[in-house]
Amino acid sequence: MIKTWELDPNFKEEIMNERGGEHLTACFQCSTCTIGCPITEYVPSYNPRKIIQMSLLGMRKEVLSNPDLWVCLICQTCTARCPQDVQISDLLGAIRRIAEKEAEAGNIKIDSSRPIFDKAFQHQLEKYGRLYDIGLAKEYYPKREGSFFKGMMAMMKDYKDFGMRMFKKGKMGPKAMFPEKVKDLAVMKKIFGEMGEK
Amino acid sequence: MSVTKLAYYPGCPSDATAIDQDMSTKAVFEKLGVELVEVEDWNCCGAAEVEDPELVYALNARNLAIAEKEGLDIVTPCSICYYNLERSNIALKADDKLRAKVKGIDSSLDYNGKINAKHVLDVFVNDIGLEELSSKISKKLNLKVAPYYGCYLGRPPETAFDDPDDPDLMDKLIELMGGEIVPFSQMKSLCCGGPLMMTRSDIAFEMARKILDTAKSAGADCIALACPLCGMMLDGKQADIEKALHVEIDMPVVYITQLLGLALGIDAKELGLDKNAVDTKELLGKVV
């Protein structure tokens, strides 16, 4: 049941002011996005059409705390097929960024480790200008597991075999232990300082 | 042939998990007489993890500006890098205000919209062309191949250079090299699950397994692909998928640049074919 007194009439503007969310109101609820989405086979509740409808209605809290936001593959199938050019992939990205900000402010809880992963990834770029796999894993796993020790155990479980395989094939040598750095790191700091997700 | 020199954007996995893709890309272009000039001090494109479009534009304005100074179009073997470079290129070309804003961050982001961003597959088939390639191919691939395109070659429409539902540039290239395409159209442009590998590996593994299984039941000798994240999922993680889902797959997965390199008569080692996680030796015997 929708509790009309809990709706936030400004939510759609909030999304449309976020980069990527501009086309929200073009949606006419045809469901093409949802029918073609490859993730619905694995997560049957996943329904971008519904997320858009709820956003238009102003169901801010329900939308932002919906765990399904975080299983999107960003595969662009919805964006490619949408007859209204809603650019759903970017739109969902905009909603995810609002959700991250709300979670950081302590207003909602996100039931997914994806925000931790994305942030850890961005931190590598900010620090080195390029992806540093080991730095990423060393930030992501402990934060996900809640302690350094548990994080290292989880990382070993996921990556022990893979790491050995890559090492044997000469894809991960001693060089991969250290970050590949961009020389002009000052500019990376500036880019993330000016445009970064605060 | 109009292409003689290109700015090369290798992308982050190029010196580690996708070193084979990097090696084969360089070897193939050399053989084709196209000089690759690596983008000096390039930075990451933002991959799939940077979702804010303007942050992506700023990151890529720097890469595009460096290539523009050389007066060269930029080419990358990675589908995600291609998507980010090209969508930034389109946005920056179309929007003076955005360009000014990005330039305001640092003078090194001063991009004037004078170059094109390309994926290697697009360069091979549409710029160099099948006719030119055919004249340089010296070996026949007696292989049954499952061509896997993944996400960013055929969509989103803004940056796509192939069909969204039935892409065929790789098919054409493989057939030109004497390879046989196995029935694979339903899998061609389905996502490999890569973006969920670190947060929902249960889903990612199932998605990758479906693609690998389909290639196997179609009788493919190998899967050919054009993206290092797909390569990581389908090749690098294949043994993990087998273990986690209690299945046996054993499906070689190669980059399209590796196949093209073989057809051009380049040595397998130079193409990094000893570095693919699933052994590729059996394929080599079928290249004559």
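Hi everyone. Before anything else, a quick definition: when I say two residues are in contact, I mean that their C-beta atoms, placed from the backbone, lie within 7 Å. And please keep in mind that this is a predicted model.

Let's start with how chain B is laid out. It is divided into domain 1, residues 5-119, and domain 2, residues 137-284. Taken over C-alpha atoms, the centres of domain 1 and domain 2 of chain B are separated by 24 Å. How many residues of domain 1 of chain B are in contact with domain 2 of chain B? There are 24 on the domain 1 side, facing 27 residues of domain 2 of chain B. On that domain 1 side, the elements giving two or more residues are helix H1 (19-31) and helix H3 (79-94) of chain B. H1(B) gives the largest share, with nine residues. By class, this side of domain 1 of chain B has 13 nonpolar, seven polar and four charged residues.

Now a look at some helix packing. The axes of helix H2 (residues 53-70) and helix H4 (residues 96-105) of chain B come within 10 Å and cross at roughly 70 degrees. Angles of 65 to 115 degrees count as roughly perpendicular, so H2(B) is roughly perpendicular to H4(B). Who meets whom there? From H2(B) we have Tyr57(B), Ala58(B) and Ala61(B), and from H4(B) Leu98(B), Val102(B) and Ile105(B). The contact of H2(B) with H4(B) has six nonpolar residues, no polar and no charged ones.

H2(B) turns up again when we move to the neighbouring chain. The contact between the chains takes 43 residues from chain B and 50 residues from chain A. On the chain B side, H2, helix H7 (201-217) and helix H9 (238-245) of chain B each give two or more residues. Of these elements, H2(B) provides the largest share, six residues. The side of chain B that touches chain A has 24 nonpolar, five polar and 14 charged residues.

Last stop, the strands. Strand E5 (residues 144-147) of chain B runs parallel to strand E6 (residues 180-181) of chain B, and two bridges join them. In this pairing, Lys144(B) stands opposite Glu180(B). To get from E5(B) to E6(B), the chain passes through helix H6 (residues 169-176) of chain B, and this β-α-β crossover is right-handed. E5(B) also pairs with strand E7 (residues 222-225) of chain B, in the parallel sense and over three bridges. There, Pro147(B) stands opposite Ala224(B) in E7(B).

How values were computed: Residues are numbered from 1 along each chain as its sequence is written. Chains are lettered from A and ligands numbered from 1 in the order in which they are written. This is a predicted model: local features need pLDDT of at least 70, side-chain atom pairs count only at pLDDT 80 or more; totals for chains, interfaces and linings use all residues. Two strands pair if DSSP finds at least two bridges between them. Helices (H or I, at least four residues) and strands (E, at least two) are DSSP runs, numbered from the N terminus. A crossover is right-handed if, with the strands pointing away from the viewer, the path from the first strand over the helix to the second runs clockwise. Axes are lines fitted to C-alpha atoms, for helices over the stretch in contact, and angles run from 0 to 180 degrees between N-to-C directions. Angles under 35 degrees count as roughly parallel, over 145 as roughly antiparallel, 65 to 115 as roughly perpendicular and the rest as oblique. Ala, Val, Leu, Ile, Met, Phe, Trp, Tyr, Cys and Pro count as nonpolar, Asp, Glu, Lys and Arg as charged, and the others, Gly among them, as polar. Domain bounds come from an automatic or database domain assignment.
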